[in-house]
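Dear colleague,

Please find the structure below, followed by an account of what was found in it. I would be grateful if you would read the two together.

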Amino acid sequence: MSEQVATMASSMPAWAFLVPFAAGVLAFFGRWLGARLTQFLAVAAPLIVTLLGLEMARRVVDGAVLTGWGNELRVDGLSVLLVLTIGIVGTLTALYSVRYVKQPGLLTRVGAAAAQRLPTFYGLFLWFIATMVWGCVTNNIVMLYVAVEATTLTSGLLVAFHWDKRALEAGYKYLMILTIGITFALFGCVLTYAAAAATNRLTGGQALLISEVRGVAHLIPPATALIAVAFLVVGFGTKAGIAPFHPWLPDAHAEAPTPISVLLSAVMIKMAVYALARTVSIFYPRWPTLAVFVVALGVFTMVLGIVMALAQDDLKRLLAYSSVSQIGYVVVGIGLGTYLGCYGGLFHLLNHALIKALLFMCVGALTYATGTRRISELSGMRDRMPITSACFVIGTLAIAGLPPFNGFLSKLTIYLALAQAGMWWALAIAIAAGLLTMVVLLRVARTVFWGHAPATAVAAREVPATMWGPMVVLAVACVVLGVFPRLTFPLLDRAANVLATLGR
Amino acid sequence: MSTAGLNGGLIQTLSMVVVITSVVAVEVRRLRFAAMAYSAQALLIVGLLASFAAVNPSLYWWAAVALITKAVLTPWFLFRFIGHGEDREIKPLIGFGPSVVVAALLMTGFYRFTHGHVALFAPTTLAQEGVFRTNLAVASTVFVLGLYCVLTRRDATKTVIGLCLLENGVHLSLVSLAPELPETTLFGVATEVVVTVFLLLYVIAGVRKEFGTTDTFALRELQR
């Protein structure tokens, strides 16, 4: 367990989201800047977020909590873990997108003037990253709602970017369902604030600060707390893709351009889980039975997600349903509220971000090379796209939870945490869902990469280096974190300590 | 802050009319009239906020923001959008007669329930008193009517109006639950709603062009 933390004023939390926001403003003027400079901005800004995240992580691991703008911004172990994940995945995705967006038909409809829409694409891309980072560093419970809704607004047009029937349908559902859901979260946030202010223990705007509300949560009337939690779970749970609030997710993840699918699946739903954990965990110490409810919700999500994935022929939809399932594991781990559970949940959050970014990039590479993402139309790609094949198989084995990959250790930690908590029913279901995940994804890998290549795939070639480079980095990370899990221990330990409130 | 100094009669009247405008916005089949009902509700909310501002001057700021975002910009977007398409709403899941009955039952039932059990939503004693109690009951009733609208209407334009009602319900509750919310936070919340409505209508305009309708039941491409 960690020692006491010291609060330290810093401008880094603010820069972490102001840099991509400013870069986004510049990117909107891409017609004057040119495509190269716009794309440079798209790579550089998240890279700066990553570097700031690394420096903030160093200080947090040394025992500090960084604050900015008074106490409006606050970065502890949990926040910095998310900032780093967003920065790393954002940088690799931006790099991946450099060639991807230039392939006709992948960013916009065939025949549409894709080059003219690049500034809008990258401007929104950078604002999307900025709003996600903002949500992870704000300490204001109402601004957390504002930031989460802002991520929906910045990504809504990106989901519909193709502007054809399928994309528009996905974009409409995405904006509508998430906005309805997040309105529930607003009420939950406001009720939490009002209840904290009513305790008369906090002065001025202190009742808005999540770090302060935690200290008075035990004084909030039980009925009010229950209603607030219910609204927060519906609101942020919808955004996180937790069943039964998940119907928007497969449509949006499948129809968005692949770089956006990567961000949605790898980081955006994690940021929503962060918002859920940050707010609901406030109530955990006083009402530990909440853990059973949240774990049950997580178990339901993991089972439903992987069962739905079974029937998919579209690779992106299959991966999207798999994301629903995997977010169930994260929710189960964090929902337990114990140190081991939170550690496992957050480790899986990080691992799933890397694995799912890798898998979506591989599917994007297949689409880039063959023009299709249907499993039934793909076969024998191993010889034509060896790097993509190797990366996809590594991602598959990692998400299936096989050693020596990162997914194995995080899932194992969650299983151990469930056993420690005596939730054997949840453990049995989680293991069964894990086996089903292995079957579903290994079957896909075998179908797509082995067997005889159809005529349509004969001309397919490996994707350019700027596309397979990020994929290789992610694949290596999946192996390295599986073999050397202590690399991330100091940061995950800090992050888990922020959330772990039960069983200590 | 206390209830002394508030014009209770005016606030009660405005609150009741807010609920009625919600029912009209949900039930009327002409989209232009529904948008008008929404606009009237927005103005009433501005009036309510200004009335409450007698005991909490910071609400004047909130009233000004609501005037611009809810009573000017949002109706402008709605009328512009409706002006380019069919004015009659796509037939909803529930027919007019039964729907009016359901809305009336929701209105009276939910209002009575929340007014009677306001302590569930109101952690402060002030929020449980007089006009603040009424405000919370009205806010939750508008919220439920908005939810009813988005769940039962097939027309995408009408679901946007339902979403606006949903948001109005939550924003109204801020008067009783969070009267001292800082201006920056209020501004963030208010701006978000306008941008949401704008983006949704922008995407629905694309849907109307590609699908030839705003019927959400026609959105079946992703099931193929």
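Pro404(A) is placed in the loop between helix 15 (386–399) and helix 16 (406–420) of chain A; helices (H or I, at least four residues) and strands (E, at least two) are DSSP runs, numbered from the N terminus. The peptide bond that joins Pro403(A) and Pro404(A) is cis, with omega about 10 degrees. This is a predicted model, in which local features need pLDDT of at least 70, side-chain atom pairs count only at pLDDT 80 or more, and totals for chains, interfaces and linings use all residues. Residues are numbered from 1 along each chain as its sequence is written, while chains are lettered from A and ligands numbered from 1 in the order in which they are written.

Another cis peptide bond runs from Ala243(A) to Pro244(A), with omega near 5 degrees. Pro244(A) is found in the loop between helix 9 (222–240) and helix 10 of chain A.

Most residues other than glycine have a negative phi, and most peptide bonds are trans. Trp69(A) is partly exposed, with 15 other C-beta atoms within 10 Å, and Trp163(A) is partly exposed with 17. A residue counts as buried if 20 or more other C-beta atoms lie within 10 Å of its own, exposed if 12 or fewer, and partly exposed in between, with C-beta atoms placed from the backbone.

The largest nonpolar core has 291 residues, and Val133(A), Leu358(A) and Ala430(A) have the most contacts inside it. Helix 7 (residues 165–198) of chain A gives the largest share of this core, 24 residues. Such a core is a set of buried Ala, Val, Leu, Ile, Met, Phe, Trp, Tyr and Cys residues joined through C-beta atoms within 7 Å. Beyond its neighbours within four places in sequence, Val133(A) is in contact (C-beta atoms, placed from the backbone, within 7 Å) with residues including Ala16(A), Phe17(A) and Ile86(A).

Chain A is divided into domain 1 (1–139), domain 2 (142–287) and domain 3 (302–504), with bounds from an automatic or database domain assignment. In chain A, 22 residues of domain 2 are in contact with 27 residues of domain 3. Helix 11 of chain A supplies the largest share of the domain 2 side, 10 residues.

With kind regards

How values were computed:
Two residues are in contact if their C-beta atoms, placed from the backbone, lie within 7 Å.
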